[in-house]
Amino acid sequence: MKNKMLRSVAVLVAVGLSAPVLADEDADLVINEEIEITVRAPAPDHTENLSEIFSGWVFRSAETQAMQMDDFDNPGMIGVESAMADWAAVDGSEGKSCASCHEDAETSMKGVRAVYPKWNEEAGEVRTLEMQINDCRTTRMGAEEWKWSGDDMVDMTALISSVSRGMPMNVAIDGPARETWEKGKEIYYTRYGQLELACANCHEDNYGNMIRADHLSQGQTNGFPVYRLKTASLNSTHKRFRGCIRDTRAETFAEGSPEFIALDLYVASRGNGLSVEGPSVRN
């Protein structure tokens with residue numbers, strides 16, 4: 001009992017006791033002076049305990065916010081440029097590239113990011129963008145799979161996200177996807193690790209409060225892949241999940257595991273109504 005009380009005190013000290021405060025409540029995100037991004041929206045009906053949802057961009061400093069407002073300043077766009085070369089490059093035994101089937105990425109991939117993860121009827125499973133990309137590579141191109149958070153994969157998801165910027169997230173959770181969504185919800189509210197923290201403890205109960213020297217966001221994933229200034233690299237959603245669970249001092253799930261796929265679906269659905277904005281810039 002004493003140890004549990006000490007852990008609770010430690011968490012409160014780390015998070016802070018002040019009321020939630022956003023970095024700039026009135027900030028609006030417009031990319032390249034033309035792509036309007038919805039960074040605040042009413043919470044979806046299926047999202048518990050929140051009446052309004054916020055993009056992680058709202059919680060960043062003015063300097064970090066500004067980096068995302070211009071593609072020339074956004075370091076994540078370097079990954080997009082790299083993926084454009086991969087899009088046109090022939091790879092694998094079938095002599096095909098992404099463009100062989102999908103032609104221009106800006107046209108054919110527009111709107112794709114907004115609905116992922118999604119149920120794949122033919123495969124009988126919920127698929128993330130990473131899973132779909134690897135399926136195309138192996139079954140259509142005869143090429144090797146990319147690593148989940150490898151540079152090639154994260155760059156390609158950044159390209160696919162970039163052409164949907166400004167479109168509202170609209171992840172479906174009904175029908176056969178519901179079972180996976182329910183599993184993700186269970187994981188979201190389960191306490192893990194020596195600190196006994198759930199995703200909800202930080203991103204639902206304490207968003208806007210300070211933890212160490214940073215604001216906690218709602219943990220929305222509409223901005224992924226995310227260029228993190230801390231690591232100077234693009235990061236996938238599952239890599240961020242691993243980091244969060246690791247910070248609870250728990251043994252984390254693997255990227256691409258059924259647990260993280262379920263959590264991916266659940267968390268993405270909590271952001272329905274916010275705009276796709278990846279590649280975004282965060283601390």
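Start by selecting Asp135 and Arg127: these two form a salt bridge, with their closest N and O atoms 3.5 Å apart. Here a salt bridge is a side-chain nitrogen of Lys or Arg within 4 Å of a carboxyl oxygen of Asp or Glu. You are looking at a predicted model, so local features need pLDDT of at least 70 and side-chain atom pairs count only at pLDDT 80 or more, while totals for chains, interfaces and linings use all residues. Residues are numbered from 1 along each chain as its sequence is written, and side-chain values use heavy atoms, leaving out hydrogens and water.

**Stop 1: around Asp135**

Colour the pair by accessibility. Asp135 is partly exposed, at a relative accessible area of 22%, and Arg127 is buried at 11%. The terms work like this: buried is under 20% relative accessible area, exposed is over 50%, and partly exposed is in between (1.4 Å probe, protein chains only).

**Stop 2: Arg242 and Glu255**

Next, select Arg242 and Glu255, whose side chains meet in a salt bridge (3.6 Å, N to O). Arg242 sits in helix α10 (residues 237-247) and Glu255 in the loop between α10 and α11 (258-270), so the pair ties together parts 13 residues apart in sequence. Helices (H or I, at least four residues) and strands (E, at least two) are DSSP runs, numbered from the N terminus. Both partners are partly exposed: Arg242 has a relative accessible area of 36%, and Glu255 has 24%.

**Stop 3: Arg137 and Asp91**

How many salt bridges does a search of the whole structure find? It finds eleven. For another of them, select Arg137 and Asp91, with closest N and O atoms 2.8 Å apart. This pair links distant parts of the chain, 46 residues apart: Arg137 is in helix α6 (residues 129-140), and Asp91 is in the loop between α3 and α4. Arg137 is buried at 6% relative accessibility, whereas Asp91 is partly exposed at 33%.

**Stop 4: helix α3**

Finally, select residues 77-88, the twelve residues of helix α3. From first C-alpha to last, α3 reaches 17 Å, close to the expected 16 Å; the expected span is 1.5 Å times one less than the number of residues. Highlight Met77, Gly79, Val80, Ala83 and Trp87, which are buried. Look down the axis of α3: these buried residues fall within an arc of 135°, so they line one face of the helix. The arc is that of the directions from the helix axis to the C-beta atoms. On the other side, Ile78, Glu81 and Ala88 are exposed.
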